[in-house]
Amino acid sequence: MGKVLMKGNEAIGEAAIRAGCLNYFAYPITPQSEVAEYLSRRMPEVGGMFLQGESEVAVAYMLFGASACGERVFTTSSSPGISLMSEGISYVAGAQCPVVFVNIIRGGPGLGGILPSQGDYFQATKGGGHGDYRLLVMAPASVQETVEMVMMAFPLAEKYRNPVMILGDGLIGQMMEPVEFPDHLRTEPTNKDDWATNGMDTRKDNKQNLVKSLYLDPTQLNDHNLLLKAKYERMKQEDVRYEPYNTDTDYKVLIISYGTMSRVCRTAIDNLKAEGLEVGMIRPQTLFPFPEKAIHDAAIKESCKAVISIEMSMGQMVEDVERCVQGKRPVEWYGKCGGDVPTPEEIMDVVRNWKLET
Amino acid sequence: MEIDLHGIVVIVGNYGSGKTEVSINLAVNQKRAGMDVRIADLDLVNPYFRTREARNPLSTLGIDMVLPPEKYMQADLPILTPAIAGMIRQPTEMTLLDVGGDDVGATVLASLAEPLRGKNIRMLQVVNPFRPFTDTVQGCLKIRDEIEKASKMTINGIIGNTNLIDETTMTDIYEGYDFVHALSEASGLPLEFVTITTELFPEADMKRFSCPVLPIERQLVPPWKKAANLGPALLKPAYNNI
């Protein structure tokens, strides 16, 4: 199959199908309703199902139930919808169900607005729901990368028996770019007989599976949490993803930026290079696990005078950047979150100001 | 070969076919050709990348725009300003209606049935064969049917808008032209014009096309790219000698 021109939201739907996910439960919300629109058309063509829940709360538990039965399942929503799902996400994480969540972020808090934002960084990476859980969070910067990450999300969710979240801002959902889809994957989860309540027919032994998040015994609950923690540590070892940009130069400033914001930063970096000022960038592709070592190592390069976290939020990721840099370089934040994406010119000014001060 | 359109021109098509980019560029092209042009943003279904995004360059060129009231400009509410009916009742030399995608977006036209009644209207379907659901002639005809049912109007022309945005090649353009040409034959609808970006335009072999070609100066771009500078109003179309 050649390239097609797709909106991010449509590409998310198609990528899920090609990853072998034929169950999509969702409730519409701007700016991601096109996923539901696309899949309401496409799912019947491939023998799959789109079921619109009566609310996001209901959707979260539909996902929980279907996943517990060993079905590959996913949803998409936008910020307030993810807030509603957050209780269910905690249950899904607690019960170790491999569900894929997509959040196409809009401006917040509250009803906020419908334009692009990255204001749900904390919610995604630090847990929107209760208890000690983590999501594996991936943040695409293009429609093509969105396709790749959605397709990667299902096997990763199954590898860890943990929910995975794709975190995109409104632009990821709404912009159109040429994309190419890899061949149909459709791999069945290999480990579901070990844990899913998928019936006894295919069971080799008589072991009955129970999917739950309730552990009244304190020792058992502690052990359960230790098991979850071990998974999150393993993610940090095995599934950190990031992309360096212009870091083979003697850059004066290091930008940390993700999602579509990083593409504005790229344009700014290219323009500044033409002016003779080198700026490097680390773009986290996974927000949890966060590329801690890569950011630390890039920050302490001798030429680097400052690190700036540029985000469409009021300073969320910058807290993780500060943690990585460990006070070895000044860490600054720049961002906007009303929906007006910072322009390359704004970013260039921010960086130039740093050069003047150092 | 010049684009021969005047009066009320309604731009419809499937979701993401490029209606807005085509509408904006058609407005600019006709304005440069000396026409009085007015354009209305009737997209009630799309939250981003709408005609209203290009309101500044268009008004600089002297193109009249009819938009939702300022305070509702960013709302995802289906607001149809009464000024639209007014502009249809008293059309200028070219009155362009940029309609939202699919049958859902075209439903708005049914609510304008009263002012549209009895008017001579060109309703044109924008087709990009690189979009899902319109990569076959059958798919395009299905969308045409759905839009006609929802709008209670008849499509009477086709616009070929073959593109993969920045990755479009001349080969794509020629193949896309052959596709819309075949669609024109299958549907009996005239091929009004096809589009080519100004970047690719110099490479194009004009003898390959039996219809006019509209140059596209891209206006709806993501924040890391610059929209093409439409410049001050010109008296002549940019490519009137081709």
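How many salt bridges are there between chain B and chain A? There are four (a salt bridge being a side-chain nitrogen of Lys or Arg within 4 Å of a carboxyl oxygen of Asp or Glu) between the two chains. Here are some notes to go with the structure above.

1. Before you start. This is a predicted model, in which local features need pLDDT of at least 70, side-chain atom pairs count only at pLDDT 80 or more, and totals for chains, interfaces and linings use all residues. Residues are numbered from 1 along each chain as its sequence is written, chains are lettered from A and ligands numbered from 1 in the order in which they are written, and side-chain values use heavy atoms, with hydrogens and water left out.

2. Where the chains meet. On this interface, 31 residues of chain A are in contact with 24 residues of chain B (contact means heavy atoms within 4.5 Å). Together the two chains bury about 2500 Å², and carbon and sulfur atoms account for 62% of it; buried area here is the accessible area (1.4 Å probe) that two parts lose on being put together, summed over both. On the chain B side, the residues losing the most area to chain A are Tyr48(B), Phe133(B) and Trp224(B), which together make up 32% of what that side buries.

3. Helix 4 (102-110) and helix 6 (137-151) of chain B each supply at least two residues of the side that touches chain A. Helices (H or I, at least four residues) and strands (E, at least two) are DSSP runs, numbered from the N terminus.

4. Chain B as a whole. Chain B has seven helices and eight strands. Its radius of gyration is 17 Å, close to the 18 Å that the globule rule gives for 242 residues, so chain B is as compact as a globular protein of that length. The radius is taken over C-alpha atoms, and the rule is 2.2 Å times the number of residues to the power 0.38.

5. Two domains in chain A. Chain A splits into domain 1 (4-195 + 228-236) and domain 2 (242-357), with bounds from an automatic or database domain assignment. Their C-alpha centres lie 27 Å apart, and the contact takes 31 residues from domain 1 and 26 residues from domain 2. The area buried between these domains is about 2300 Å², 56% of it from carbon and sulfur atoms.

6. Across the domain boundary. Three salt bridges and 15 residue pairs in polar contact link domain 1 and domain 2 of chain A. Helix 5 of chain A gives the most to the domain 1 side of this contact, with four residues.

7. Asp320(A) forms a salt bridge with Lys126(A), their closest N and O atoms being 2.7 Å apart. Asp320(A) also forms a salt bridge with Arg323(A), at 3.1 Å between the closest N and O atoms. Asp320(A) and Arg323(A) are about one helical turn apart because they sit three residues apart in helix 12 (residues 317-325) of chain A.

Definitions and conventions
A polar contact is a pair of N or O atoms within 3.5 Å; within protein, one must be able to donate a hydrogen and the other to accept it, and residues adjacent in sequence count only if both atoms are side-chain atoms.
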